[in-house]
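User: Can you walk me through this model? I'd like to start with how the chains meet.

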Amino acid sequence: MAADGDGALLELSEVVAGYEEVEVLRGVSLAVRAGEIVCIIGANGAGKSTLLRTVFGMVQPREGAIRFAGEDIARRSSLEVLRRGIGYVPQGRCNFPAMSVEENLEMGAYLRRDARVRGDIETLLARFPMLATKRRDPAGTLSGGQQQILEMAIALLLHPRLLMVDEPSLGLDPRMVEIVFDTLLAINREGTTILMVEQNAKKALSVSHRGFVLELGRNRFEGSGRELLDNPDVRQHYLGG
Amino acid sequence: MLHGLTLGSMYAMVAAGLALMLGVARLINFAHGEFFMLGAYAFWLGYSELGLPYPVAALLAPAVMVLFGIAYQRTVIRAILPRSWHVQLIATLATSIVLTNLAIIVLGTQPKEVPTALSSRILDVGGFRMAWQRLLVLLAALVIFWGLHRFVARTRTGRAMRAMSQNREACAVVGVDVQRVTMVTFALSAALAALAAALVSPLFNIFPDMGTVLTLKAFAAVVAGGFGYVNGAIAASFLIGLTEALAGSYVSYAYKDAIAFLMMIAVLLWRPQGLFGRRTGI
Ligand SMILES: Nc1ncnc2c1ncn2[C@@H]1O[C@H](COP(=O)(O)OP(=O)(O)OP(=O)(O)O)[C@@H](O)[C@H]1O
Ligand SMILES: [Mg+2]
């Protein structure tokens, strides 16, 4: 099913991508409109992370087009994609464990040379008190949830128009999962479009405007968060009945 | 004692570069001793053949080797970095062998001596006699390590080097140009080896296969120092240099080269994480 491209901030059409001899994405089409929270769900190994990596220029697509803000970014490097306004928080730990929280945030602003970096870091620390109290501690000593928040804060320092987050709730306790989703909602309310991948489909769909189900390298279902939550097939296979 | 500190300074400058490359690029450069050997010949060329003053020749060597380090990174390293460690081992060892043999063909096997004014002038402090050059080696090494520490701790590129040694993927996410930082790391490591060569060459002979044993000793220091932890490698190098000098004068000169490896084995048995325990990054 072709995605409706009008007004889309990010648009993938018939994207084919993979690693050496394995083909993981076999024609994925989806669109993310400015201001939305869009969620991708799917079984383990369906290719959700590969999809985000392909958008971010870490995996080169073999076929298809990826457009961001009207420009084809399908063959751009990660650095170029980042500079165009796409932030990415990969699955698993993605910070600098031996650097302090503050230094990690400074790394988030690595590409920036303007004078407002300090102010932005202070704003983020004020916004995430759990990071502020640990600003001098090595990131590796933080809890999993705190590190997840730190990684989102790192990505925010470049003020991305689109933030892609891969399994933000993985391995977190329920209280922390709430905080992480609340944070994503707040980031979205401030104007950042969000594309996330989640195993915790129920929770993720309930906060998303729209969702896609990825199955065997293709997008199978698409709909509003509510529609997918109510869809009997999706319920049976991805929401545990 | 002072001889041990001279050796330690030399090993430390070579080992620091090896540790940097290991930490940042996750690669063991088995051709690193040859960086030292080429640096020594560059110094010999500048000082003995071209008749440049010592400070100029001593800076010419690292300048030449920076270019060499960049060329090496752009060709050999860029090609092997995404490959398995077997490929990396064979490619860097092959580079080592090729460079040694090229040096034999071009420069001959006859050792070169490069005595300077400072290497023959003796400083006498209350009966304790030493060549000025040894003092220079030690002082220069301290300044160089201080500078290296500042560079890695304070500069944007130094920070990117630490970042790469801690999390590669996170580097891509924040926009670190991984290729450029790898190149700077190789340039810096080559410069360190060449500086070491320019500092100790007035005291020792220069010959084409001097790099082989040096690589292995520096590698022993890197392993004992925590496998990529730069300050650990420096400390272990001084330990090796001092032990070697003591063993050379009190035990047997013939066994002195075995000291580094005995120490490495001892450290690994006693503390498998290296002298300074488990660490993340350079
Ligand atoms: N670097 C790689 N090289 C080769 N194959 C890979 C690589 N990374 C992932 N794969 C394979 O690609 C397929 C899709 O992986 P991907 O990580 O995109 O799935 P996913 O949907 O994110 O799964 P999960 O829910 O486990 O995170 C899997 O079969 C995986 O084994
Ligand atoms: Mg995944």
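**Chain interface and a helix pair**

Analyst: Across the interface of chain B and chain A, the rule finds two salt bridges. A salt bridge here is a side-chain nitrogen of Lys or Arg within 4 Å of a carboxyl oxygen of Asp or Glu. This is a predicted model: local features need pLDDT of at least 70, side-chain atom pairs count only at pLDDT 80 or more, and totals for chains, interfaces and linings use all residues. Residues are numbered from 1 along each chain as its sequence is written, chains are lettered from A in the order written, and side-chain values use heavy atoms, without hydrogens and water.

User: Which residue does R162(B) form a salt bridge with?

Analyst: E103(A). The closest N and O atoms are 3.0 Å apart.

User: And how many residues are in contact?

Analyst: 17 from chain B and 22 from chain A. Contact means heavy atoms within 4.5 Å.

User: How much area do chain B and chain A bury?

Analyst: About 1900 Å² between them, with 59% on carbon and sulfur atoms. That is accessible area (1.4 Å probe) lost on putting the two parts together, summed over both. R156(B), V173(B) and V174(B) supply 34% of the area chain B buries against chain A, more than any other three residues.

User: Switching topic. Which residues of α1(B) meet α10(B)?

Analyst: Among them are M10(B), Y11(B) and V14(B). Their partners in α10(B) include L214(B) and F219(B). Helices are DSSP runs (H or I, at least four residues), numbered from the N terminus.

Technical notes. Helices (H or I, at least four residues) and strands (E, at least two) are DSSP runs, numbered from the N terminus.
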